[in-house]
Structures are given as C-alpha cells and as structure tokens.
Amino acid sequence: MPMDLTEFYQLVNRAVDGEADLLAGHVDPEYEPLATLIGGLLRENLAIRQNHQVAVDYIRDKINQMLRVIGTSPLKPEELDEKHLIGLDPLGIISQSFAQILEHSNQTNTDLRLARDEIRAIFDSVGGGLLVMDNDRNILTSNNRFREMFTSPDEEIVGKRCYEIICDNENHPREFCCFQRMMESGRPAAMPDWRFGDKHLSIVASPVRDGRGEIVRCVVLYIDITELIEIRLALDDERERLSTTLESIADGVISIDNRGVITLMNKAATEITGWSQEEAVGRPVCSVLTIEDQGRSRNRGDLLDEIIVNKQSKVERLDNTILVNRQGSRRDIYLSAAPIRQYDRSQAGTIFVFRDITREKRMDQELAKANRLESLGLFAGGIAHDFNNLLTGVLGNISLARLKSDPDEKNRLLNETEKSTFRAKDLTQQLLTFAKSGMPVKRPISIGTLIKESVEFSLRGSNIGCNLQIAADLLPVEADQGQINQVIQNLIINSRQAMPGEGGAIALTAANIEIANRQEPLLAPGRYVKISIADRGAGIPNNIIGRIFDPFFTTKESGTGLGLATCYSIIRKHHGNITVESEAGKGTTFHLCLPASDEMAGEAPQTGTGNGSGTGTGRILVMDDEELVRNVTASMLEHSGYEVDLACDGAGAIEKYTEARRRGEPFAAVVMDLTIPNGMGGKEAVAALLKIDPAARVIAASGYSNDPVMADYRSYGFRQVIAKPFRISDLTEVVAGVIEG
Amino acid sequence: MTTEMEKIIEVDMRGQVCPSTLLVALDNINRNRKELSSGMVKLLIKTDNRDATTTIPGTAENMGYKTEVVPRDGFYELLISQQS
C-alpha cells in the first residue's frame, strides 16, 4: 500500500529526533528524492551541532585557563550556561584586561629600566668604591671608583672572591671583616679606619635581602679618608703646638663663646685670677674676670658685657684696670679683647688677653717719685743759688751803705739794693706762674706798647737788632701785663742767645687774626693777636723740639729749664697758645696767640719811683700775720702822713675796726693779708667787715700774686689789690686811690 | 582625597560569586578605563564574596590601579582608583 503524506511527515519527524537512517529505504519511491534531501540535511545539521559544542567547550576551557592565570576559580557550567557565556563575553573582558595588564607591565618595565640606569649612574659616579657580592663573597659587580682604588686597569674581578682582591690575612684579620660581621648580625657593619697600603679607608657593608628575607647580596662602600686623616693629624699637631704656646706665655688668656661662657683658659690666667681651669671653664666670664676701674673701686663687669653683647668687631684695650682675684686681692692689669672669627667671618666668641702689671706699675710710681725728687732738688738748688746771689746784692749794699756817710753815695747803694730786691720779686713771680691755682691778674692792655718796651729792655747792651712789624690796628688783649712781659722777654732772650757772635736781627711781627671753629685744637674760635718771633740761629734739633716746653728741660749750661715752660704755662692760662717751628741752620720761630679783648686798653699803672709824700691823712688798719711786714707797712704809711693801727689776723682786725667805729674814729681804709696760716684771712674778714660797714674800704695784699682772689678782687668785696713786695710809692698810691674813691 | 571633579561609579555585586564577580568588575574597569586612568572616576564595588577581595584587587593592581578594601557590615567595599 502506498505511503501517504502524513506517514511521511511522521517518519521525517522521527528522523529529526535522531533516527536519520529511517528515511533511507523506508519510503515510497514517490518520496525517495525528498527523503534523500532531508536525510542529507539532517546529517549536515548533526555535524554542525557537534562542531558548536566543541567550540563552546574550547571557549569555556580557554576562559578557565585565563581565569586561573588571574588567580580565580574556573567557570562552572551550571553557573553560566552557553547562552550567557556568549552573552557576557568573558573572553572579550579578559583580553581587554590583559591588554591593560600588558600595558601596565610595559610601563613598569620602562620605569624599571630607567631606575636601573639611574642606579648605575649613581653607582659609577659615587665618590667611594662600590662592590656587590653574593652571600658567599663572590664578586658580582663593582663601580669604576672601586677598580681605580683596588685593581689594575685590565684585571677581571667578576667571579673572584673579595679577599682575593683586597684583604691579606696578615694585615686584615677576619674578626674585622665587615662582610663577616654583616652576615652574622644581619645588619650593616662598618669599619671607620681600615688601612690599605698607605691609604685610610672607611668601609660600610650593607645586606640586600630577597622576598623571603634571606641575605642574597652584599653592597660594600669604600671611602678614601686619607686626606681627612692627614688633616686631622695636622690639626692635632697644630692644637698641641698652640696649647703649648698658650700654656707657656706669661699673659693670661681666656676665651669665651657668644654667651659669655668660658671655653678655654691658660695657666697664666689661672695664676692671675686664682681660678683653676677645671672650675673656670663653663662659668660666665664675669664671675672669673672681676674687673674694676682704677681709682673708682666699682665693678666694671659692664665693660665685659659691652664687649660680649656688642660683639666688638675690633680689638678693645682697657688700661688702668684692676682685677679682683678669687682671693680678693687686687691686681693692676692691662686687658685686651678681640673677636674670634669663624671661616665665614661670623663671630664665634671673644678672646681676652691680660697681663698682671702690678709690679711694673709700682716700679713706675717709684721711678716717678724719684724723678720728682730729683727735679725738686734741681729746682730748689737753682732757686737757692739765684736767691743767694740776689741776697748778696741786698746784704752787701746795705752793709756798705751803713759805712758811707755821704748821702748821695748812701742813696746809690740803696738803689742797688732795691734793684736786687726787684729781681728777687721777678724770680718769685716766675715761680708763682707754676703754682696750680695760678691765675693771671688780667686787664685789657695795649700789647704793641708792651712788646716794644720788652724788646728794648731785653736787647739792651747786645749787638742784636729787632725788626718790629706791629699792625697799626692791633687789638688790645686781656692779659696780666707782668706775665706777658715775662714771656716776650724770655723769647727775645732765647732768640738773642741763639744768635751768638756777629749779631743779626730778630724779626717780630704782631697782627690780628681770626680763628675759625676747629681750626686750632687748643683755641676757641674768635679774634686773636698773633705774635711771631723769629731768629736766624742754629735751629732746634728735631729730636728735642717736642720737649722744649717741658719744665727743667734745658740745653744751656746755666739754664734752669724754666723759661719756655713758664711761657707755655702763662700763655695757656691766658687761653692762648704757643707753638714753635724750626729748621736746622735757618732759625727758629715762636708763634703766640692771645685772645683779643673787646675792651679798650687802659693805661698801664706806672711803677712809682717816688718816696711817697707826707700828704696822706686818715687812719689805716694794717692786718698781716708777719710782724716784719706789719711794721714796714705801718712805717711806710706813717711816713706818708697816715695814722696806723695793726692787727695780726682777721678776728683782731674786725675787733679793732668795730671798736674804732664805736669810738667815732673809724678807719679810712684797711690793708689785709689774704692768707693767714691758722687764722681768719682777708677773704673771710672782708666779708665780715662789709657786714658791719658796707662802705668799708678794704685793700687785699698778697704774696701770692696769682691767687684767684687777686684776679677777681671786686667780687670778694675788696676795693683794690696790692702785690707783695711793694715800694712805699706803690702802697701810698693804692691807699690814696681807695680813700679818694 | 575626593575632589569635586571626581565621580564614583558604584557597582553592587552582592549575591554573585567568583569568577563572575571578577568578570563583572573587570568589565566595569575596562569600560571606564579612560576616566579611571585620568583620575576623574573611582569605582566602588560592593561584594559579599570573600574571594573577590583578593582576586579583584590583585588583577586591578596588575592593570596599574590602586585598590582599597574596606570591610562593611556583611559585605566589602573595594575602591579602585588611579595609581598616584
């Protein structure tokens, strides 16, 4: 029976379900071609399905392989079926991830190569020799510096052991081996000073560990410290030399840091201060160097503070300093301080150097005392000699006068006596200019006239002339006429003596000058009269020109050495100046500057020569402690017609003055000595008298013509002054002047 | 430190196990590669699979990223960011 279409479909379906062979030989010939086609398709389909499974299995297998590489578990089929496996695309994901891993790995490799090159550069350029070994001392690599230090240029060292290159067993025992100690301790080991031939090396061996912490490599660094060691040895030598020097010098040396703390002290310093080095180092310098000002006896730690705090950039010297040592005794020291500089010029501290000059100072003082005594002897001898000569004149002439009966002859001899007395007066005047409190009795004087008279007097009887050039408008000067006269005379006499023999001429000029501010160090600005006296003598040698104004300095056999010293003293007390210039063989010029006066010059009081006329009237009280003076003064006044009463001190004078007033017989004038030893002198007495009688006419008399009271008598209440010694005419003139008002 | 410019992409993979957690994490890293590398984006992965706390950071580090693992209550937070 023929097969219908339904049966054929059923047969095809069974073939699709797995029985493909059913179609062959089981169908009607009518369906045979169709059955052959379907059978072929079914076989092809089966083959495709089998290939797909292989592919899926392959993919799953590769995915798992890659997952294992990443480090995770494989995909389980139940976790991800074929459909989701394809949908998730693990291969795509993993391959993209691998691309990133590869990229990262490439970057890491590049970085590593760079790092390796850097390390190599450092390895080769480092100042020390570097050696890399394995943990059995086999050399793996070394840098250039290592080969320079230890091998010949062509020597191959890789693979050798380190001790074959460097160590010898004799000089380098194993217990000092850095490698050995590093391996034993597991930590870097060092050798600070290791000798290799004549070189000194510093060695450090460091371990390199693997991932498990095992030491697999050793890096050894060799640094040549030969130069450093040599410098250190030289420094030690230098320090030793300095230390010996410091300890052996006689000056005390203390160094401090910037805080003022002592860092070093030498032996001499311990002897001077009384502090031991151990005790002093670390202490503030002020507690060890206790210094005081000479004479002031007060602590001058501030001087040290100033030096420390201000960091003095220069050397400071303190003379006249007293150091109080630890035991409290005082020593004269000379102290200097200087900054200690570092290489960059910054200050690291201060160094004090001091010397005990107590002994030298004492010797200086003794010497000065001896010099003073010697000078005084010289001076006193000179005075005594001069005075004796003058007294010989006085005594001789008086004794002669006694013998003569002829009044004219008697008068001539008394005149000679008077001359001697006046020379004695000049001598005492000269001596008084040296007195400490000596003040010139100044008034405005016409200096031109004084110069002319002085020059004429000084050159009398000599063959030396004088060219005077005195400005017509020469200003007056405020001066003590007697003293200035003395100066001019001294200088002219010096000039005259400088030109012995054939004569010649001294040139004297006098002119007004203006001194500007700071033009002359010793002169205040203002108007001056300048007097220059030039001779044409031999000049003053350079080596002594600085000493010619010193007292007692003389080049003349018979000189006292007081002439120029007196001139200097007088001119300085007049607020003027005296200078000298001299050229060997050409002569010497002295220049005097005296302050010009604004006041008109008065007439110089004429020295009286008269005998005093008996025209005086009135009562005069004479007060003097010296009987001789009281009596001669009284006699002079009585000779001139006055009535005289006497007192020997201020108290007596006041009593007599008061009593006379009470009696209605007041004194017309009082002559008072300024200085009364152990009693009231004129200065106090005049004040008391003026209280009793403000109209009292009191005259001061003094042998100290340079007493300040004499220079400024009016402000003390005196009407007039008279300098001892005086002649009868001097006295009566002053007394008459005061009484007449 | 998080700046205003940074963006955090959160991937919650709780409930998933290895290796799919790794694949999902890698997929997110791949897709945000440019932003992650430039530092503009950080990836915050939440997972309750303990294995993932080693596999994900290990792979991400090999790819050149920085990772941090922070244990939370019942899960882990893995923060993946640009290597500084």
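About 1,600 Å² of area is buried between chain A and chain B in this predicted model, and carbon and sulfur atoms give 62% of that area. The contact draws on both partners, with 18 residues from chain A and 19 residues from chain B.

On the side of chain A that touches chain B, the elements giving two or more residues are helix H2 (32-70) and helix H4 (90-125). Of these, H4(A) provides the largest share, nine residues. By residue type, the side of chain A that touches chain B divides into nine nonpolar, seven polar and two charged residues.

A helix of chain B also deserves a look. Helix H1 of chain B covers residues 20-31, 12 residues in total. From first C-alpha to last, H1(B) reaches 16 Å, close to the 16 Å expected at 1.5 Å a residue. H1(B) is largely enclosed by the rest of the structure, because nine of its 12 residues are buried. The buried residues of H1(B) include the leucines Leu22(B), Leu23(B) and Leu26(B), along with Ala25(B) and Ile29(B). Ser20(B), Thr21(B), Asn28(B) and Asn30(B) are buried in this helix as well.

Technical notes:
Residues numbered from 1 in each chain as written. Chains lettered and ligands numbered in written order. Predicted model: local features only at pLDDT ≥ 70, side-chain atom pairs only at ≥ 80, totals over all residues. Heavy atoms only, no water. Contact = heavy atoms within 4.5 Å. Buried area = accessible area lost by both parts, 1.4 Å probe. Helix = DSSP H or I, 4+ residues; strand = E, 2+ residues; numbered from the N terminus. Nonpolar A, V, L, I, M, F, W, Y, C, P; charged D, E, K, R; others polar. Expected span 1.5 Å × (residues − 1). Buried < 20%, exposed > 50% of the residue type's maximum accessible area, 1.4 Å probe, protein only.
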